[in-house]
Amino acid sequence: MSAPISSKEGGWETVIGLEIHAQLSTASKIFSGSATAYGASPNSQANLVDLAYPGVLPVLNQEAVRMAVKFGLAVSATVTERSVFARKNYFYPDLPKGYQISQYELPIVARGHMDIVLDDGSRKRIGITRAHLEEDAGKSLHEGLGKLSGIDLNRAGTPLIEIVSEPDMRSAKEAVAYLKKVHTLVRYLEICDGNMQEGSFRCDANVSVRRIGAEKFGTRAEIKNINSFRFVEKAINYEVARQIDVLEGGGKVVQETRLYDPDKGETRSMRSKEEANDYRYFPDPDLLPVELDAAFIAGVQKTLPELPDQKAARFVATLGLSEYDAGVLTSSKELAAYYEEVAKLLAGGKEPSREQAKLAANWVAGSLAAALNEHNLEITGSRIDAKRFAGLLGRIVDNTISGKIAKDVFEAMWAEGKDADAIIESQGLKQITDTGAIEKAIDEVMAKNPGQLADYRSGKDKLFGFFVGQVMKSTGGKANPAQLNELLKKKLAG
Amino acid sequence: MHNLTLAELARKLRAKEFSVTELTKALLARIEAAQPKLNAFITVMAESALAQSARAEAALKDGSAGPLTGLPLAHKDIFCTSGVRTSCGSRMLDNFVSPYDATVVEKLNASGMVTLGKTNMDEFAMGSSNETSWYGPVKNPWDLKLVPGGSSGGSAAAVAARVAPIATATDTGGSIRQPASLCGVTGIKPTYGRVSRFGMIAFASSLDQGGLIAQSAEDCAMVLGAMSGFDPRDSTSVDTPVPNYVAELDKPLAGLKIGLIKEFFDKGLDAAVEKCIREALREYEKLGARLVEVKLPALPLSVPTYYVVAPAECSSNLARFDGVRYGYRCQEPKDLMDLYKRSRGEGFGAEVKRRIMTGTYVLSAGYYDAYYLKAQRVRQLINQDFKRAFGEVDVLMGPTAPDVAFGLGAKASDPIQMYLNDIYTIGANLAGVPAMSIPCGFVRDLPVGLQICGPHFGEGKLLNVAHAFQQVTDWHRRIPAAFDREVLS
């Protein structure tokens with residue numbers, strides 16, 4: 001489904017392709033034995049190979065190959081039997097060799113795909129052109145050094161896979177959905193920590209627009225430096241609007257690289273096609289071609305975990321969850337594991353029933369997800385563990401508290417780090433299920449509101465809600481809702 | 001003792017005719033005396049050589065010595081040596097003290113050999129006359145007005161003048177064999193992948209190979225085994241067992257089939273040199289070998305092919321010399337671009353710049369297919385020619401260079417004439433096969449080299465074939481008169 005953008009002169013269609021760089025979570029670099037840990041003091045994790053000393057040579061890290069193959073298999077791609085490392089030549093201080101070792105004509109992963117779910121619930125397949133192995137560059141440091149620049153080569157040589165999509169996305173939303181999907185996948189596969197702030201997962205977007213119905217793609221701009229899901233959406237939308245403005249003003253979009261400025265929320269030209277480097281790619285004579293046999297690939301296949309889509313499908317089929325809930329709950333491996341544990345505990349350690357599964361799903365994907373989101377936490381940082389969470393849901397099931405009260409108990413559990421039972425006990429939140437007590441409360445409310453009572457009895461049925469509210473108010477919300485309904489109906493009828 | 005081969009020195013050291021320290025001191029004195037005439041060394045390592053000598057003596061005493069313990073050698077200044085300047089013949093690395101040892105250096109140190117110093121060479125091994133060195137040209141010991149050949153001119157001249165019995169060298173397009181030929185010494189370029197390239201400053205990675213220049217094939221055989229073998233730090237080194245080269249030396253040659261490369265006996269070859277080569281071939285017939293003519297039709301394309309592939313790789317390999325992390329940096333750079341331009345402009349010499357520019361050009365968008373890709377295809381054809389030839393014969397022979405040593409400055413202004421000096425040697429690099437040059441006579445009082453080429457990992461056979469010749473001839477024992485004295489002045 002495309003999202004045409006209307007304008008005074010007619011509809012435009014957006015075309016987006018993404019290039020995602022995912023740092024592989026290997027312990028050492030792709031061509032040297034240096035550590036890859038983030039945040040070490042500058043140049044403390046750069047050895048002679050990373051510093052490109054005269055005479056040193058690269059040696060390929062097998063683990064990086066294994067991880068790239070894992071990714072390829074997970075996106076139903078062709079893992080190529082023979083891939084070749086090539087040198088991408090350009091001068092920059094954070095590129096010590098004067099070239100980046102990458103893969104060019106023969107990448108390790110070719111032709112895969114990934115399905116995303118659109119707003120209307122339909123699925124769309126995004127093609128993955130290729131994924132190749134390459135090394136990261138270092139970083140230039142410009143702050144606190146006066147007129148000088150510093151170079152930190154700790155990151156130089158960190159393994160990356162660059163995942164190149166087909167120009168299959170038609171809106172910023174689709175691009176974000178695809179990016180999130182890839183983000184989830186690499187973390188499931190445990191090949192990338194997905195940390196966008198530290199730059200372990202980043203993306204460039206190729207954006208163009210064309211008239212609806214046009215076959216030819218428009219001229220594209222490549223947007224760099226969009227390192228959060230939010231920025232991806234904003235940057236693309238800004239760029240689309242800019243290109244339409246240019247075209248409708250009678251101008252031409254120039255092929256160029258543009259930088260996204262998150263502070264100003266705009267993209268600006270970095271270099272045009274004419275200024276672009278001629279990278280003079282050629283096969284790296286220091287490295288042999290990577291040749292993978294079927295046995296190796298089959299061995300990697302065996303290490304694949306249950307993938308997010310497979311897990312979500314299972315949640316729908318065997319637990320009866322909605323596609324939406326299943327999608328939310330499988331957005332990270334840890335969240336899915338948490339959910340499954342809660343549901344199982346709720347079922348007393350057995351397979352949960354559909355009702356139990358649904359209740360757990362509502363609460364994990366609802367209140368818990370909201371709280372995590374609010375505090376910017378991953379599920380692993382949740383202040384309520386699965387056991388306590390299941391304890392809370394158990395109290396709903398056994399009618400100790402109502403769902404509404406449960407929300408308050410949840411808040412208190414989050415704030416105080418205590419069991420649900422302790423909070424219910426200390427705050428006296430236990431549900432009133434004593435018929436006599438509820439009847440007494442009803443009587444008092446009826447006595448206090450003779451006018452409303454008369455109106456109700458003369459046919460204003462809508463006032464039933466008023467009475468429910470008043471009784472709940474007087475019982476501190478603890479009256480069992482089902483019982484209250486039944487008793488109130490009887491009493492009001494007179 | 002100056003006229004002794006490495007094998008003879010080894011025997012005399014063990015017989016205690018002199019000590020390691022005495023030998024080292026004598027050679028250091030010869031190096032110093034010859035330096036103003038030859039300029040064969042960039043760095044002399046007297047202090048560490050004496051320390052290594054003392055350790056070698058201790059090892060000889062306590063019985064922990066190996067066959068090479070105490071034997072002296074020199075390293076071409078392309079091999080990184082820890083704590084010692086490793087210049088690669090360039091101003092760019094004049095101030096570069098390597099923090100690590102090349103695998104070759106590490107292995108030979110471990111074998112107990114004594115390093116006398118680092119030999120002069122063409123800048124980044126780019127040259128055939130040793131005139132491109134930042135440290136000035138090396139002179140040919142047979143005639144100081146002539147070039148020693150290149151790029152391993154320092155190693156060849158040092159061995160020819162007997163100031164070092166053996167020296168490491170490297171060969172990308174003939175840089176071991178051509179200077180060996182011009183200086184009347186024995187040189188071997190092993191199979192690509194036989195000797196680790198780790199720590200050997202790269203010129204053209206797919207062609208570079210470390211090897212040796214010595215007085216004899218026997219001397220090469222003694223040391224080659226110790227410096228060869230798979231290195232996990234060099235992905236292109238080959239994991240195949242290293243034979244005992246010394247044990248293979250004395251195999252009889254009867255029945256040996258020698259292929260004469262037809263394309264090498266062409267109009268470019270000096271007539272007197274050709275006569276000299278043909279006489280050497282008759283010597284092989286006397287040893288029981290059979291000569292057949294072999295055609296390698298793609299071989300005449302090796303010079304143009306090489307001058308696409310080698311500059312392409314060099315343009316990329318030398319990009320790391322940018323004035324940022326080590327090596328030459330221009331004074332007061334205005335900005336980043338100025339730093340790059342002036343550091344590289346001032347740090348590199350003319351020939352290196354010429355090759356970087358050629359290489360950059362052939363890899364550029366729009367030219368890649370026409371040059372680089374086509375050159376790679378021709379390289380495949382040359383490869384197939386060698387493969388086919390080695391299906392028919394055991395070794396290939398021909399001249400190493402088209403002529404004897406030429407005058408200093410004679411070809412310096414004409415790169416094409418200079419490049420053509422490697423016309424017979426480049427093929428072996430493109431195909432990755434091992435090749436040697438051995439002294440086989442004199443023309444106009446200057447040495448001539450016979451080239452012997454073998455199939456992949458045929459070093460043992462090559463050394464055997466060369467050794468047999470050296471058992472019945474004494475060309476390799478000839479010493480330039482000016483240096484044939486125990487004490488040089």
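Trainee: In which helix does B:A110 lie?

Mentor: B:A110 lies in helix α4 of chain B, residues 103-110, where helices (H or I, at least four residues) and strands (E, at least two) are DSSP runs numbered from the N terminus. This is a predicted model, in which local features need pLDDT of at least 70 and side-chain atom pairs count only at pLDDT 80 or more, while totals for chains, interfaces and linings use all residues. Residues are numbered from 1 along each chain as its sequence is written, and chains are lettered from A and ligands numbered from 1 in the order in which they are written.

Trainee: Is B:A110 buried or exposed?

Mentor: A residue is buried if 20 or more other C-beta atoms, placed from the backbone, lie within 10 Å of its own, exposed if 12 or fewer, and partly exposed in between. B:A110 has 12 other C-beta atoms within 10 Å and is therefore exposed. Its C-alpha atom is separated by 8.9 Å from that of B:T69, 41 residues apart along the chain.

Trainee: How should I read the crossing of α12(A) and α14(A)?

Mentor: Axes are lines fitted to C-alpha atoms, for helices over the stretch in contact, and angles run from 0 to 180 degrees between N-to-C directions. The axes of α12 (residues 435-448) and α14 (residues 464-474) of chain A come within 9 Å and cross at roughly 120°. Angles under 35 degrees count as roughly parallel, over 145 as roughly antiparallel, 65 to 115 as roughly perpendicular and the rest as oblique, and α12(A) and α14(A) are therefore oblique to each other.

Trainee: Which residues make the contact of α12(A) with α14(A)?

Mentor: Two residues are in contact if their C-beta atoms, placed from the backbone, lie within 7 Å. From α12(A) come A:A441, A:I442, A:E444 and A:V445, and from α14(A) come A:F467, A:Q470, A:V471 and A:S474. They divide into 5 nonpolar, 2 polar and 1 charged, where Ala, Val, Leu, Ile, Met, Phe, Trp, Tyr, Cys and Pro count as nonpolar, Asp, Glu, Lys and Arg as charged, and the others, Gly among them, as polar.

Trainee: Which domains does the assignment give for chain A?

Mentor: Domain bounds come from an automatic or database domain assignment, which for chain A gives domain 1 (12-300), domain 2 (308-426) and domain 3 (435-493). The C-alpha centres of domains 1 and 2 of chain A lie 36 Å apart, and their contact takes 7 residues from domain 1 and 7 residues from domain 2.
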